[in-house]
Amino acid sequence: MGSPWKGFVEFTLPASPPTAFVSADLSSTSPVGLSLSPYGRSMSFDPGMLHNNGHTAYANGSGPGIRETGVVEKLLTSYGFIQCSERQARLFFHCSQYNGNLQELKIGDDVEFEVSSDRRTGKPIAVKLLKIKPEVLPEERISGQVVSSVPLNLDGKAAPGQVPSGSVCYERNGEVFYLTYTPDDVEGNAPLETGDKVSFYMETNKHTGAVSARNIQLVKKKQARCQGVVCATKEAFGFIERADVVKEIFFHYSEFKGDLEALQAGDDVEFTIKDRNGKEVATDVRLLPQGTVIFEDISIEQFEGTVVKVIPKVPTKNQASRPQNPLGVNGGWSGFGSKCADLPIRPVFLQSDPLPGRISTRIGFSEKELPFGEKDTKSKVTLLEGDHIQFNISTDRRDKLERATNIEILPDTFNLTKETREMGVIAAIRDGFGFIKCVDRDARMFFHFSEVLEESQLHISDEVEFTVVPDMLSAQRNHAVRIKKLPKGTVSFHTQSEQRFVGVVEKEVVSAANKNASPTKGKEKEAEEGVIAYEDCGVKLTVPYHVKDLEGGGYPQAGDKVEFCINEMKRTGQQSAVSIRVLNRNASNSRRLHGFVAALKDNFGFIETANHDQEVFFHYSEMCGDVDNLELGDTVEYTLSKGKGNKVSAEKVTKVAAVNGTGEDVGASVMAGKILRPIRSVDPSQTEYQGLIEVTDEGGEKGQNYAFGIMGMTNKADCLQKGENVRFQVCTVSQTGQKMACNVVPQRRAPVECVKDQFGFITYEVGESKKLFFHVKEVQDGVELQIGDEVEFSVVFNQRTGKCSACNVRRVSEGPKPVATPRPDRLVNRLKSITLDDASAPRLVILRQPRGPDSSKGFSVERKTRQPGVID
């Protein structure tokens with residue numbers, strides 16, 4: 001044992017080879033290094049391992065030859081520190097242990113080293129440092145796509161020191177992987193956007209194990225999406241007006257991604273442009289929200305100018321071949337029927353220049369001429385050269401072209417143009433057009449609604465001013481344009497003398513009842529003219545008159561002395577007597593009676609006598625004056641006559657000033673009662689005219705009956721039905737002394753059954769109907785009724801439809817508020833029956849766990865069991 005060791009000492013171990021260096025104390029002064037042969041069960045001794053600059057190479061259980069990697073974390077003049085990559089440790093090293101040029105070693109460099117222990121302190125240190133050369137990227141580049149670009153402005157959202165990053169993705173074996181990158185990883189600082197095709201190398205960070213993309217090169221920019229508006233649709237294709245250039249592009253319906261049935265001209269879309277057969281086409285067409293695409297910017301400021309060139313109007317081929325007016329009456333329009341097929345048609349603008357019109361205006365100190373097109377006018381009213389107009393300026397974003405738009409005619413334009421204005425009255429209105437009765441022309445003048453200057457709707461009898469222009473297809477035919485509504489009383493078809501004349505009725509008016517045609521209310525009745533003889537400056541003259549021109553309560557008969565004015569038609573010069581008033585009645589004339597209008601039908605009515613106990617028939621042709629001004633309850637004067645079958649009827653009916661109603665002696669007490677019998681206008685099948693009310697108040701008069709007529713009702717239009725409750729007073733008829741009911745007011749209350757948009761129904765039985773219609777405008781105080789509200793109302797009868805409806809609807813009390821419908825029991829029970837432990841419930845089977853770009857599983861938050869229907 002005393003001989004020195006030379007070279008190696010080999011010996012055989014009975015066990016399997018060890019896997020680490022071991023240390024053995026073979027002498028009292030020197031350590032001995034032992035190493036195992038990997039090829040046999042023998043151990044060798046290396047004298048070179050005995051000393052290591054005073055450091056023991058076996059710290060922390062590590063033997064010689066096991067090397068680790070790390071990063072230089074701190075570097076001073078003679079020493080530094082290394083952060084281990086494989087474990088959480090920070091080791092000291094002396095610069096003398098670095099194998100290489102110390103000047104090339106920098107903080108952050110990757111190094112390889114062995115771990116030893118300091119002889120004095122026993123702490124682990126790094127020895128035998130060797131700088132690791134950077135890993136050479138593989139030659140093969142990976143193709144991928146940018147998923148998210150590097151944000152240009154984080155707005156202070158990034159953490160201090162954090163480098164903004166983006167992400168790319170690539171596909172391998174059907175799986176998609178995501179990698180991060182920073183702006184420094186992009187070659188040439190090329191701007192990358194989402195969807196760009198790129199190629200890159202993949203690199204693994206030795207310290208964190210994270211995989212990222214490096215040396216990114218842009219391969220192909222993403223195809224930009226364009227926007228536009230669908231301007232035309234055909235059977236299988238369409239065209240889009242592009243928002244980037246003044247150009248249209250074709251697209252096939254197969255390229256539209258959406259509901260093709262809903263696609264229409266004017267829809268905003270986005271698309272991708274592709275080249276097919278040498279032509280650009282739109283592909284992948286998708287709808288955008290309405291208003292997304294904007295072609296032009298419209299000025300807020302409005303300008304004034306003058307029209308210097310109007311848009312030429314050229315008829316289409318179909319219009320040019322249209323047959324001429326078969327009537328051939330001076331191109332005029334005197335009625336409807338077959339003539340409607342030959343009405344003037346709105347012109348169509350056919351020219352190559354889309355902006356053929358011109359407007360001259362002054363902007364600043366310079367004159368400027370702006371174009372405009374058909375769609376740039378706010379209305380379709382015809383523009384004439386010299387018109388003073390107001391407009392905005394539109395600037396196209398694509399080519400900066402300026403044009404006038406939102407063009408409006410100013411009111412003073414008629415003072416500047418040299419057009420001849422005429423006046424008239426709206427005589428007839430149809431769907432989209434109408435006719436004007438002209439003051440200075442015999443024929444009625446046709447017009448389109450689009451030629452009305454104001455937005456207010458025209459009605460029959462409205463007075464208007466207009467310009468007459470020839471039809472573009474026929475110079476013999478005219479129509480009215482630039483129509484302006486005038487105040488009532490402006491248009492006059494005749495002139496009336498201020499002087500009053502006195503004459504004698506020479507010939508009475510023969511009523512239309514003797515003719516075959518029977519006039520109806522609201523229509524002009526036909527009647528022969530009467531004749532009045534008078535003297536003017538010693539000259540005996542005669543003048544015709546009509547029933548509509550009578551005034552007062554007198555109906556002139558032959559021999560009556562009358563006072564009148566003379567009216568002369570402007571167009572024809574024809575004279576007639578108007579404002580006729582009877583002065584002295586011929587003694588031989590029949591006695592005139594007073595009564596009250598009790599009912600008005602289509603072309604006849606009934607008059608309640610002065611005693612309020614009977615009704616008398618009259619025909620509208622016997623009415624002296626305008627039938628449209630006659631209302632229920634009006635006081636009239638009439639004469640009785642007998643017609644065919646010896647039936648009594650009223651003739652020469654004249655509306656007069658109102659007189660007392662049912663009676664003058666009205667009792668103070670108000671009684672409650674019930675309708676036993678309505679008046680005959682409500683139930684024509686009964687023989688008696690008067691209605692009957694039974695007193696229901698507790699008292700001495702209970703069961704007493706009182707008659708009533710139309711004048712006994714507070715609301716003459718109210719339909720009092722049998723069995724309805726009413727409140728009334730009692731009065732005495734002065735002529736007969738009979739006591740009758742007056743001031744009868746129904747006591748109706750019923751709930752609202754339903755309310756629609758502008759109408760509703762009340763649960764109230766009238767005749768065979770179980771519910772009563774009402775319009776919302778009949779609701780008092782503008783109250784918005786709800787289902788269940790209790791209301792009071794009146795019932796009126798519509799002569800035209802033959803149905804009753806409610807009016808003067810007043811809410812008495814509100815109905816119950818609607819309660820939210822509870823969830824059905826079947827759903828509640830189903831939720832309660834669901835359990836997570838139910839074996840029969842459907843299960844989810846995990847096919848592949850999700851992983852991130854760094855192969856981590858993600859989902860760090862632990863999933864918790866929740867009860868059905870409970871939200872944390």
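Reader: Which residue of strand 33 does Gly503 stand opposite?
Author: Strand 32 (residues 501-507) and strand 33 (residues 530-536) are antiparallel partners with four bridges. Strands here are DSSP runs of E with at least two residues, and helices are runs of H or I with at least four, numbered from the N terminus. Two strands count as paired if DSSP finds at least two bridges between them. In strand 33, the residue opposite Gly503 is Tyr534.

Reader: At which pLDDT do side-chain atom pairs count in this predicted model?
Author: Residue numbers start from 1 along each chain as its sequence is written, and side-chain values use heavy atoms, with hydrogens and water left out. The model is predicted: local features need pLDDT of at least 70, totals for chains, interfaces and linings use all residues, and side-chain atom pairs count only at pLDDT 80 or more.

Reader: In the hairpin of strand 33 and strand 34, which residue takes a positive phi?
Author: Strand 33 pairs with strand 34 (residues 539-545) in the antiparallel sense, over seven bridges. Within that pairing, Ile532 faces Val543 of strand 34. The hairpin has two residues between its strands. The residue with a positive phi, near 60°, is Cys537.

Reader: How many helices and strands does the protein have?
Author: The protein has 872 residues, and 36% of them are buried. Buried means under 20% relative accessible area, exposed over 50%, and partly exposed in between, with a 1.4 Å probe and protein chains only. The secondary structure comes to three helices and 53 strands.

Reader: What share of the contacts with a separation of 6 or more comes from residues 24 or more positions apart?
Author: A contact is a pair with heavy atoms within 4.5 Å. Take the contacts with a separation of 6 or more; residues 24 or more positions apart account for 57%.

Reader: In what order do the five strands close into a barrel?
Author: The pairing in this barrel is mixed, and the order is 49-50-51-53-52. Neighbouring strands of the sheet are turned against each other by 45° on average, direction ignored. Axes are lines fitted to C-alpha atoms, for helices over the stretch in contact, and angles run from 0 to 180 degrees between N-to-C directions. Again, the strand order is 49-50-51-53-52.

Reader: What is the bridge partner of Gly760 in strand 51?
Author: Strand 50 (residues 759-762) runs antiparallel to strand 51 (residues 772-775), and four bridges pair them. Across in strand 51, the partner of Gly760 is Phe774.

Reader: Which kind of pair do the rings of Phe761 and Phe773 make?
Author: Rings of Phe, Tyr and Trp (its six-membered ring) pair if their centres lie within 6.5 Å; planes under 30 degrees apart are stacked, over 60 edge-to-face and the rest tilted. The structure holds 26 such aromatic pairs. The centres of Phe761 and Phe773 are 5.8 Å apart and the planes stand at 70°, so this pair is edge-to-face.

Reader: How many residues apart in sequence are the parts that this pair ties together?
Author: Phe773 is partly exposed, at 33% relative accessible area. Phe761 lies in strand 50 and Phe773 in strand 51, so the parts tied together have a sequence separation of twelve residues.

Reader: How far from the ring centre of Phe761 is the charged end of Lys771?
Author: A charge sits over a ring if NZ of Lys or CZ of Arg is within 6 Å of the ring centre and within 35 degrees of the ring normal. Lys771 meets this over Phe761, at a distance of 4.8 Å.

Reader: Over which ring does the charged end of Arg90 sit?
Author: Strand 6 (residues 79-84) and strand 7 (residues 90-94) run antiparallel, joined by five bridges. Ring pairs link Tyr79, Phe81 and Phe92 into a cluster. The charged end of Arg90 is 4.3 Å from the centre of one ring, that of Phe81.

Reader: Is Met623 buried or exposed?
Author: Met623 is placed in strand 40 (residues 623-624). Its C-alpha atom is 8.3 Å from that of Lys655, 32 residues away along the chain. With a relative accessibility of 2%, Met623 counts as buried.
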